[in-house]
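Trainee: I am new to this one. Can we go through it together, question by question?

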Amino acid sequence: MTETTTGPAPIEGGLVKLTRKDFVADQEVRWCPGCGDYSILAQTQKVMPDFGVPKENIVFISGIGCSGRLPYYMNTYGFHSIHGRAPTLATGLKTARPDLMVWVITGDGDALSIGGNHFLHTMRRNVDFTMIMHNNRIYGLTKGQTSPTSEFGKRTKSTPMGSVDRPVMPLTLALAAEATFVARTVDTHTEHLARTLEAAGRHHGASFIEVLQNCNIFNDGAWREFTERDVRDDRMLFLEHGKPLIYGKERNKGIRLRGLHPEVVTIGEDGVTEADLLVHDQHAEDPYLALILSRMFWPEFPVPVGILRQVDRPTHSDLVDAQIEAAIARSGPGDLRTALMAGETWTVE
Amino acid sequence: MTTTPERIERESQLLDRVTIRFAGDSGDGMQLTGTQFTRTAAVFGNDVSTFPDYPAEIRAPAGSLPGVSGFQISFSASDIHTPGDAPDVLVAMNPAALKTNLPDLPAGGAVIVNSDAFTPSNLSKAAYASNPLTNDSLKAYRVFEVPIGTLNARALEGLDMTSKQADLTKNFFALGLMFWLYERSMDPTIAWIDEKFGSRPVIAEANGRALKAGYAFGETTEMFHTTYRVPKAKLPPGTYRNITGNEATALGFLAAAHAAKRDLFYGSYPITPATDILQQLAGYKSFGVRTFQAEDEIAAMGSTIGAAYGGALALTGTSGPGLALKSEAMGLAVMTELPMVIVNVQRAGPSTGLPTKVEQADLLQVLYGRNGESPMPVLAPATPAECFTLAIEASRIALKYMTPVAYLSDAFVGNGAEPWKVPDVEDLPDISVPNAVKGEGTFLPYGRDPETLSRPWAIPGTPGLEHRIGGLEKLDGLGTVSYDADNHHRMCVLRAAKIAGIARDIPPLETFGVDEGELLILGWGSTYGALRSAVEQMLPEGKSVAHAHLRYLNPFPANTGEVLKRYRTVLVPELNLGQLWFVIRGTYLVDAVGYGRVRGKPFRIAEIVAEAERILGERGVTR
Amino acid sequence: MICPNCRYDNFEGEDSCAHCGADLSLSDTPQALADYHDTILGDHLDALGIGSPTLVEPTMAVAAAIQLMHESGTDCLLVCEEGRLVGIFTDRDAAVKAVDKRLGLYRVRDFMTPDPVVLRREDSLAVAIHKMAVGEFRHIPIVDDGRPIGVVSAPDVFRHLVASVG
């Protein structure tokens, strides 16, 4: 990808090829130094040109939280909306304007606490957008309260004796809500993050990405135990469609199914071979494998990252527009005069 | 039934206005009877006004009190504005209907009952200790006992249908009888029956026979000595149809989208009494109307904002409790200055209140019920037909001034019906506004039009105008996030000025009655009918009264203050405990008198007259 | 649901037919048993037509009483003293109690069921059915302030049910 300094370079056919710089807004980015959001922003700006979508057709909608600032830093159309409600604006926008590419930027509190209901329904409706959830297991903007993904017993200013709530697994929720694209990635693994963003952007349907993000001020190191560069190969499971579930620096650990449960095995020990392992199928029609993967977490299991599920279903806009076309095909384009005169009329001379 | 050889002595009485209330079981077909009578009266040329009274329960047991369904119709030789304070005649198909509706019938009124339904079983279901037809309890009324069930069954003898099916047609018998009593032709209904039941000749035959049997019964029985004639009213020429407020609201926004040359988006959540609007708009897909049944009220509002952001003519519809849920999002709409309409079909509150009953107690909520200084224009239609024109007007203001607009309807105007002169599509105003396009220099998302103070509408998809908006305070002009103290003050003042400036763009407040004098009756919303009728009644008596009715509640029409000054006393009757009253007093420093009733029912003309006369009396005024 | 009037296919739960306006609320609620319940619980004994009962004195000879039943085609007699009901004598009493007796020696008061279970005309059919089932009798006298005004029999009940529900 070429980076130009003088603006987008036209290529054959008169199409303008955009670059990362075209997507950088002139606002000074104000996240805390060391915040994982910088990485997410950078990779988002980097992949945006690859879709070949004109800048003016891209909209970023965010909720409230540190993640909510992201649209201001993207040189596209953007809407910093209210807490938890970004998916609702996205649904209205996509329904009225199916031609636009819509991204929803949210956080673990915005999406799963106040926004939980809208999360469920936008996924269920398969509204064609990509939802990037910055999951830092804390409420950062309001300075450090528990979130729906915080661990049981987490001590914060609002839970000084430890949280009495159990966390939810966002990927399981997304799968339960019938999301057609479910993936997890990490803020620090930039190449994986970029690839995941690109796959999600290309998916025609509701795409949900959980980004394990580090809030270095209010919840530093929440994921470090397995995302740290020198341990991640041993503690994360990089999913690839069609490949067996193998991980580990020596590529000698795997996941097989024993009854209904996943089981960590070592290839070569106890007669275990690669043939015994589960093979990843991200396009499986049913979500059973994806559900199992969504329940696996450190330390019992390596943390699966990548695309858990990707299936094709008609999107909300596809179906809404199809009904409009069907209605027009059945009775012709709507005639206002006929609608006004509906029912029984009479004339006064 | 053969005609009797002797002619029965009868007289025909001329009346200016009649109000009939049909009441029966949910299964007695009273809504159909009422709408057929209405149509016939309207086609004949009377002015009509109707109001249905639906059962409180979805499916109450047959014959029980919560299952009573009613329909009131008032028809007249002159212009009428209400469905009538009280009925002149009550048609009660069973004891429960009689029990529920008799208290509304004035002494001397007529009661026509289906005597077949007055069985011990039905009487006990209606909590009657003894049969009112045989004890003295109905002696204040003129009671006509008609064995409708039996006579109807007899008329349908020989037809291939069960006795249950035959019984279902007895509402046509009652209709036929009423047609005879009020000298109406059966022809429109017969034509309707033939058209609706063309594929079911037995049913068509049965309904037709029932109708004619009812008519013939009136003709041949000795029970009725008088028939009544209500002459035609002088309605302006044109094509008319009967329309309810909710129907007119839906059609109004469909027309507004046409007039604005934009696609219509409606995001909504089912809630009584607004659900009809969603269901009607969902039927207009061939117009490109996109309706969205959201998962909750907040999602409905969010989707409306998203659609507006995308350039659609966006609206949402709800009732009081839903409006409360939408408050935060409405504030976002105000801050992002996007055009949209928020329809509130008001009902009795607080909280869940009385979902099917009328009230107008959400005014203060739409004016002030959001955090911060969050001004929003407010409109309120006065009649069912006006719901159409005001829907277009609300859209016009939303688009021109780049603001959400509140549209306050209510359960009475929403469910009530009146004749509506259907406008020509060519006569609809052009309310379209342009989308912003890239021009010279830096784009200012929060730059202002010098006249309207509205900001440019740059919709996604427009090259070169990429910008970000949101709920945080904006820098005047550039529209970036700004925490500057003076900027925040300036923006709040600007937003308020933009809304206040709309006053230059709306019609002045008109008065009906004396131009200046003792008493001005000032109202808003669905109380129009009762207030106008009250003043119409008092003027010929030489009373110094006038009626003014606000359609614009924020901002008020520019001349409102001046109008109020022309009268010694301003009376504000409202179906709340004093909301417009409060705002009028605060805005104009006038010692307005309130008359608030929250009974879940519309005002009666008589009570407005009584209150007006009480005030005039207090002031020592006899005229 | 299909409108019973015009056969238009309406959405479930509609209050009235979108095509012809007919009320649908009676058609989509369960109805079958309701008629039956209405009749049993709602109808009162005077709706059965309790007829004019045959009255006799307690001192009447049993043979004469049996003869009277045969001639008038009734299967029970109400026994009264000074106009007040004191007993009931049915064909079953005749068959069971009088079978091996010399009839000439006995009076009705010897074989009647004294102080029988009675009902009033306002009582519902349900009460009559219940009493007949529990007490195992087929006739119940109807009284008004102690004075007999009729009799309801099991066949009367069946006849009424068939007429109402059919």
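Mentor: Start with a definition: the expected span of a helix is 1.5 Å times one less than its number of residues. Keep in mind that this is a predicted model.

Trainee: How far does α10 (residues 316-331) of chain A reach from its first C-alpha to its last?

Mentor: This helix has 16 residues. At 1.5 Å a residue, 22 Å is expected. The computed reach is close to that, at 23 Å.

Trainee: Where do the buried residues of α10(A) fall, seen down its axis?

Mentor: The buried residues include H316(A), V320(A), I324(A) and A327(A). S317(A) and D321(A) are buried too. Seen down the axis, the buried residues of α10(A) fall within an arc of 120°, so they line one face of the helix.

Trainee: Which exposed residues does the face turned away from the buried side of α10(A) carry?

Mentor: Exposed means over 50% relative accessible area. On the face of α10(A) turned away from its buried side, the exposed residues are E325(A), A329(A) and R330(A).

Trainee: Which elements do the buried residues of α10(A) pack against?

Mentor: Two of these elements belong to chain A and one to chain B. The buried residues of α10(A) pack against α2 (86-96) and α4 (116-125) of chain A, together with β11 (290-293) of chain B.

Trainee: Which chains share the most contacts?

Mentor: Two pairs of chains are in contact. Chain A and chain C do not touch, and their nearest C-alpha atoms are 11 Å apart. The most contacts are shared by chains A and B.

Trainee: Is S26(B) buried or exposed?

Mentor: S26(B) sits in the loop between β2 (17-24) and α1 (30-44) of chain B. Leaving aside neighbours within four places in sequence, its contacts are P55(B), G67(B), S69(B), D23(C) and S25(C). Buried means under 20% relative accessible area. S26(B) has 11% relative accessibility, so it counts as buried.

Trainee: Which elements do the buried residues of α8 in chain B pack against?

Mentor: α8(B) spans residues 201-220 and reaches 27 Å, close to the 28 Å expected. Its buried residues include I203(B), L211(B) and F217(B). The buried residues of α8(B) pack against β7 (142-146), α4 (148-155), α6 (170-181) and α7 (187-196) of chain B.

Trainee: Now chain C. What is the order of strands in its open sheet?

Mentor: The sheet has four strands with mixed pairing. The edge strands are β1 (55-56) and β4 (113-114) of chain C, each pairing on one side only. The order is β1-β2-β3-β4.

Trainee: In which sense do β1(C) and β2(C) pair?

Mentor: Two bridges join β1(C) to β2 (residues 76-81) of chain C. One bridge partner in β2(C) is L78(C), facing L55(C) in the pairing. The sense is parallel.

Trainee: How many bridges join β2(C) to β3(C)?

Mentor: These two strands run antiparallel. Their hairpin has two residues between the strands, and E82(C) takes a positive phi near 50° there. In β3(C), E81(C) has R84(C) as its bridge partner. The bridges joining β2(C) to β3(C) number six.

Trainee: Why is β3(C) largely enclosed by the rest of the structure?

Mentor: Helix α2 (residues 62-72) of chain C lies across β1, β2 and β3 (84-90) of chain C, at about 75° to β3(C). β3(C) also pairs with β4(C) over two bridges, in the antiparallel sense. β3(C) is largely enclosed because, of its seven residues, the number buried is five.

How values were computed: Residues numbered from 1 in each chain as written. Chains lettered and ligands numbered in written order. Predicted model: local features only at pLDDT ≥ 70, side-chain atom pairs only at ≥ 80, totals over all residues. Heavy atoms only, no water. Pairing = 2+ DSSP bridges. Contact = heavy atoms within 4.5 Å. Axes fitted to C-alpha atoms, helices over the stretch in contact; angles between N-to-C directions. Buried < 20%, exposed > 50% of the residue type's maximum accessible area, 1.4 Å probe, protein only. Arc of directions from axis to C-beta.
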